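Hi,

Here is the structure I promised to send over. Have a look at it first, and then read on for what turned up.

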Amino acid sequence: MNRSKGILSLILVVAVMILLGVTTVLGIDLNGMGAAKNINLGLDLEGGVSITYQVKGDTPSQEDMDDTVYKLQRRVEEYSTEAQAYQEGDNRISIEIPGVQDANEILTELGQPGNLYFIRQNDSEGNPNYQVNADGTAYELNKSIDELEADGSIVLTGTDVESASAAAGQDQKTGATKYVVQLTMTEEGTTKFADATTEAAAKGETIAIYYDGQLVSVPRVNTAIENGQAEIEGMASYEEAENLASTIRIGGLNVELEEMTSQVVGAQLGEEAVTTSLLAGAIGLAIVCIFMICVYYLPGLASSLALLIYTGLVLVLLNAFDITLTISGIAGIILSIGMAVDANVIIFARVKEELTEGKSVRSALHAGFHKAMSAIIDGNVTTLIAAAVLWLRGSGSIRGFAQTLALGIVVSMFTALLVTRLIIYSFYAVGLRNKKLYGRLLKKRKAIDFVGKRHVFFVISIIMCLSGFVFMGINHARGIGAMNYGLDFAGGSSTTVTFDQPYTLEEVDSQMIPDLEEITGDVNIQVQTVRDSNQVIFKTQTLGLEEREAFAQYMEDNYGVNPEKDIETNNISSTVSGEMRMDAVIAVVIATICMLLYIWFRFKDIRFATSAVVALVHDVLVVLAFYVIARVSVGSTFIACMLTIVGYSINATIVIFDRIREELKTKPKNMSLKDLVNDCIMRTLTRSIYTNLTTFIMVVVLFILGVSSIKEFAAPLMVGIACGTYTSICITGALWYVMKTKVGAGAKELAAAEQAVITMNTEGVEDKAAASSAVQSANSAAKPKKKKKKRRQ
């Protein structure tokens, strides 16, 4: 790159920064598209629609209620990954969808939850099950549903349909646009549907779709359908097709529901939560930029500019991809800013190494970016794999977290590998070539025998990991529960209070919440106001009779509320259902296996992959222990925190292993494997400390300025980051060394040869020939094996 191109590139970078700044503030059109203010916000930040359904008929079993809640949860996620469905009382289900201000619109689109049936045209005796009514305007049943079930005329129910969606296509005969509903059956439904359509096609009959008391469609079966895919034709418009698809999607419930109430609720957190979080992000970003410039000088300035571009891109893309942002999401983005520094630290640490070895600035920059590439790609791809699995297998807030995580990873790789590179080479091109501008040269550090102290580190780690389970038993014995499960996991009470005047969320938080926390014993009360009314909803841990009476007495004494008329309390289930927890566990297990396979493939050694996964589990167990011992509330942020630790831990481990893999190729003959691992840890020590420090700074600022729910997210993260630093420096390399010399083919020979090398280097040996042979064996065993090419015959 010459001087003129360098100047042009810097001008372009400044222009992009200005454009992103304007876009995030004002947007790119009259509707403000792309502006940060138009990002979809969750219930905690913006509020939305709350709809309560009640089961028709007798009180259903808990199993049916759990199944219905889970299915409704998966369906309302079509509107937002942060939508919630939970049980209220014995026979009610509430759903809350953020960012919506029209309850009637949601009710229309979602459909009235009821029972869905697919019915044969004729019964077992050949009599019609349905026919056109006297007016000739619609079909009607000739029998009741019970009679049809007894006769075997119901071939499928809504539980056999996996998905339904509207689509538009072209009629092959007339060329006109036709609108259809595409159905996908479950595995069991596919078999049932194949049998039913084979019979109907042979007889030239129809199969009717009956829902919520009426026949909504009576399509003729033209051919047998054996692949579980079907189309319903005859819709006049796409809207009609979409309404029918919505009807079918909501029809696979085990119970029949009717709408009880619908209302628009306000945000659970006030403006203070958003303001303080954004302030924390700005302060943290400024501190990180100053730190990078102080440590790396000109490269630090380049990475700071790239970091600003990264922040702007993330905000714009959140809007573009309609990702719903909650308070945890804001914390996650602020955290990702700290993590985005990681790639830059890896690159510039490499550049400083090359400069220390006497290379020119240009050669050092080229080598730094080239050598850091594999660590950056491998670390981010493993985390991206986890995000993809969490998106495909997770539900609710887990999918929302996966979206934000994946977005942060892709954008951080782009800015580190392209934007930072462009800026730093532009600086060089305009004449900034003095070595002193690229940071202080490294000094030779005194070697630390991390591997030699592995037994001490392993004992410390085992104690930390087991402490969580020990305290679970202690807490259970004390009768306070193994963990401090919050409303999202354990359920609780929902108390709706009707005041004689409207109260804002800020007024409730400042005037009522401090007193109510003492009365209920819950320091994490969730509050929602109801639009166009004087009602306020308080969600707390489950209240006993004494707490309910004290709550009512407080409202009567201080706000003139009539407990009998103006206060309604119901127990509510957890918003994170058992099925959602199982989804999360399955997603994490699959993600871990996928990451293990990827690391195995990239490093050509299962011991690298196994060590990485063990280190990942180690960090998760330590953070879990902190939740248990400190009694931090286990709520919706718990899952996000644990998933963040998983991604963060694997990224730190990859950097150590990448250096070991690299050094194994050029390992000196007289160097033991133990010394090589220690040397690699020392060479990456700066990266391990600096990266974790910058991320830690972001989280500390978040903890200091954030509201209580943010503090609950930030505190465990600080523990996780500190633990990740310890793990990457003291555990991962030593763990791989132990596996290399204890596990696998040739481990015994390698261990013997390794000991001979160590003995020769520390004590000296008389038989030089034998020592030389041992060194040769150690080097041969330590280096990665190359596959032999087959000789052509």
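One term before anything else: a residue is called buried when its relative accessible area is under 20%, exposed when over 50%, and partly exposed in between (1.4 Å probe, protein chains only). Please keep in mind that this is a predicted model, where local features need pLDDT of at least 70, side-chain atom pairs count only at pLDDT 80 or more, and totals for chains, interfaces and linings use all residues. Residues are numbered from 1 along each chain as its sequence is written, and side-chain values use heavy atoms, with hydrogens and water left out.

With that in hand, take helix α15 (residues 513-520), whose buried residues are Ile513, Leu516 and Thr520. They span an arc of only 60° around the axis, so they lie on the same side of α15. (The arc is that of the directions from the helix axis to the C-beta atoms.) An α-helix has 3.6 residues a turn, so residues three or four places apart point the same way. The buried residues of α15 pack against α14 (505-511), β15 (526-529), β16 (535-540) and α16 (545-559). Just after α15 comes Gly521, with a positive phi of about 75°.

Now the whole chain. There are 25 helices and 17 strands in the protein chain; these are DSSP runs (helices are H or I, at least four residues; strands are E, at least two), numbered from the N terminus. Of the 793 residues in the protein chain, 53% are buried. Counting contacts (heavy atoms within 4.5 Å) with a separation of 6 or more, 77% are between residues 24 or more positions apart.

How far can you trust it? The mean pLDDT (the predictor's confidence in each residue, from 0 to 100) of the protein chain is 81, and 85% of its residues reach 70 or more. Confidence is highest in helix α12 (residues 454-478), at a mean of 93, and lowest in helix α25 (residues 768-782), at 54. Where pLDDT is low, the predicted coordinates should not be read in detail.

Next, a helix pair. The axes of α22 (residues 685-705) and α23 (residues 708-742) come within 9 Å and cross at roughly 170°. Axes here are lines fitted to C-alpha atoms, for helices over the stretch in contact, with angles from 0 to 180 degrees between N-to-C directions. α22 and α23 are therefore roughly antiparallel to each other (over 145 degrees; under 35 would be roughly parallel, 65 to 115 roughly perpendicular and the rest oblique). Among the residues of α22 that take part are Leu685, Phe696 and Phe703, and the α23 side includes Ile710, Met718 and Ile729. The residues of this α22 and α23 contact divide into 15 nonpolar, six polar and one charged. In that count Ala, Val, Leu, Ile, Met, Phe, Trp, Tyr, Cys and Pro are nonpolar, Asp, Glu, Lys and Arg charged, and the others, Gly among them, polar.

Finally, a few single residues:

- Leu621 sits in helix α19 (residues 606-630) and is partly exposed at 22% relative accessible area. Leaving aside neighbours within four places in sequence, Leu621 is in contact with Cys465 and Phe469.
- Tyr297 is not a glycine, yet has a positive phi of about 60°. Tyr297 lies in the loop between α7 (271-296) and α8 (298-320).
- Lys604, also not a glycine, has a positive phi of about 55° and counts as exposed at 61% relative accessibility.

Cheers
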